[in-house]
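Subject: Structure handover

Hello,

Here is the structure I promised to pass on. Please open it first, then read the notes below.

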Amino acid sequence: MGIYCAAMARAATTADVFNAVAEPRRRQLLDVLAGGERPVGDLALALGVAQPQVSKHLRVLREVDLVAVRDDGRRRLYRVNGRALKPIHDWVRAYERFWTERFEALDDVLDDLKRQEDDGHAG
Amino acid sequence: MPASGTATVTLPTDEEIRIERDFDAPRHLVWRAWTTPELVQRWWAGQRGTVTSAEIDLRVGGTWRYVMEVPGGPEVAFHGTFQEIVPEERIVTTEAYEGVPDPDGSAALNVVTFTEQDGRTHLDLLVRCPSREVRDAIIESGMEAGMQESYDLLEQVAASLR
């Protein structure tokens, strides 16, 4: 019911975008960065976690290009790179499209059932 | 009657996929459409093909099996075993795709919940994959296999969602 076409299993990539955003803390980081560039200290404050932990998550996000960094004097400023989210966007849209079609067919079935039920009550 | 909306798909954790949708019908009818073989045959393939076989033994420990035929493509079959059934409310079942080397070893666990409000039904389908590798394979298949149409169509849908 859930899986449509789990075709060939493939070698799992440990460092892909899906993996990067699967971690709730990293999604939080992206949410904060969506508001603009920030140094790591700000991010640690915003998330309420220690800076080394934030740095660890930032490293994962940078590996898949979700986050970019630049030097600003003595600070390093991190920013989000939304384009790297495209594989997820594409997949989710394709999957949604399939389920939407499937559910539209289910709508038709439900309309028939409702009609039958109304006829039943009338008769 | 316009469609009740599009399905929403989210990735709550590393190993999960969540699909949600509202239906303009009371819960007992959604349940019937979801669990009656003749009715499943009418919707489960969407517009992608036809369901050539649907068997459902709706009891805990009972099994189900759906076979779908896609024009110009191979038959695809799925099966599973019901682990929990709360009539009209909840189904927990395994789901195995028969096209992989070890279907049951890579089966997902599906948790389906139906809630009714004001004569409408909200469906929540949580697909729990045994591992991130399996979830990624599902995701990957969506990008490679029959699910994708032309990119134009995809964009239209994406636009209509926003």
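**What I found**

Chain B has four helices and eight strands. Keep in mind throughout that this is a predicted model. Along the sequence of chain B, the elements run β-β-α-α-β-β-β-β-β-β-α-α. Chain B has 162 residues, and 31% of them count as buried. Take the contacts in chain B between residues at least 6 apart in sequence: 30% of these join residues at least 24 apart.

Chain A comes to five helices and three strands. Its pattern along the sequence is α-α-β-α-α-β-β-α. Of its 123 residues, 31% count as buried. For chain A, 51% of the contacts between residues at least 6 apart in sequence join residues at least 24 apart.

**Confidence**

The model as a whole scores ipTM 0.74 and pTM 0.69.

Chain A has a mean pLDDT of 81. In that chain, 86% of the residues reach 70 or more. Where in chain A is confidence lowest, and where is it highest? The lowest is helix α1 of chain A, residues 17-22, with a mean of 78. The highest is strand β1 of chain A, residues 38-39, at 96. Treat residues 1-14 of chain A with care. Their pLDDT stays under 50. The model still has 41 contacts beyond four places in sequence for this stretch.

Chain B averages a pLDDT of 80, and 78% of its residues score at least 70. Residues 143-162 of chain B have a pLDDT below 50. That stretch has 28 contacts in the model beyond near neighbours in sequence.

**Helix packing in chain A**

Start with helix α2 of chain A, residues 24-33. It packs against helix α3 of chain A, residues 40-47, at an angle of about 115°. The two axes are 10 Å apart. The crossing of α2(A) past α3(A) is right-handed. Which residues meet here, α2(A) to α3(A)? On the α2(A) side they are R25(A), Q28(A), L29(A) and V32(A). On the α3(A) side they are L43(A), A46(A) and L47(A). By type, this contact of α2(A) with α3(A) divides into five nonpolar residues, one polar and one charged.

Helix α2(A) also packs against helix α4 of chain A, residues 51-63. Their axes come within 10 Å and cross at roughly 80°. An angle of 65 to 115 degrees counts as roughly perpendicular, so α2(A) is roughly perpendicular to α4(A). From α2(A), the residues in this contact are R25(A), R26(A) and L29(A). They meet H57(A), L58(A), V60(A) and L61(A) in α4(A). The contact of α2(A) with α4(A) divides into four nonpolar residues, one polar and two charged.

Look at R25(A) and L29(A) in both places. They take part in the contact with α3(A), and they take part in the contact with α4(A).

First, Q41(B). It is found in helix α2 of chain B, residues 37-43. Is Q41(B) buried, exposed or partly exposed? Q41(B) has 18 C-beta neighbours inside 10 Å, so it counts as partly exposed. Leaving aside residues up to four places away in sequence, Q41(B) touches V51(B) and A54(B). Q41(B) and E55(B) are 14 residues apart in sequence. In space, C-alpha to C-alpha, they are 9.6 Å apart.

The other two concern the backbone. Most residues other than glycine have a negative phi.

E88(B) has a positive phi, near 65°, and is not a glycine. E88(B) lies in the loop between β5 (75-86) and β6 (90-97) of chain B. With 17 other C-beta atoms within 10 Å, E88(B) is partly exposed.

D118(B) also has a positive phi, about 50°, although it is not a glycine. D118(B) sits in the loop between β7 (108-117) and β8 (120-128) of chain B.

Best wishes

Definitions and conventions: Residues are numbered from 1 along each chain as its sequence is written. Chains are lettered from A and ligands numbered from 1 in the order in which they are written. This is a predicted model: local features need pLDDT of at least 70, side-chain atom pairs count only at pLDDT 80 or more; totals for chains, interfaces and linings use all residues. Helices (H or I, at least four residues) and strands (E, at least two) are DSSP runs, numbered from the N terminus. A residue is buried if 20 or more other C-beta atoms lie within 10 Å of its own, exposed if 12 or fewer, and partly exposed in between; C-beta atoms are placed from the backbone. Two residues are in contact if their C-beta atoms, placed from the backbone, lie within 7 Å. Axes are lines fitted to C-alpha atoms, for helices over the stretch in contact, and angles run from 0 to 180 degrees between N-to-C directions. A crossing is left-handed if the near helix is turned anticlockwise from the far one by less than a right angle, and right-handed if clockwise. Ala, Val, Leu, Ile, Met, Phe, Trp, Tyr, Cys and Pro count as nonpolar, Asp, Glu, Lys and Arg as charged, and the others, Gly among them, as polar. pLDDT is the predictor's confidence in each residue, from 0 to 100. Angles under 35 degrees count as roughly parallel, over 145 as roughly antiparallel, 65 to 115 as roughly perpendicular and the rest as oblique.
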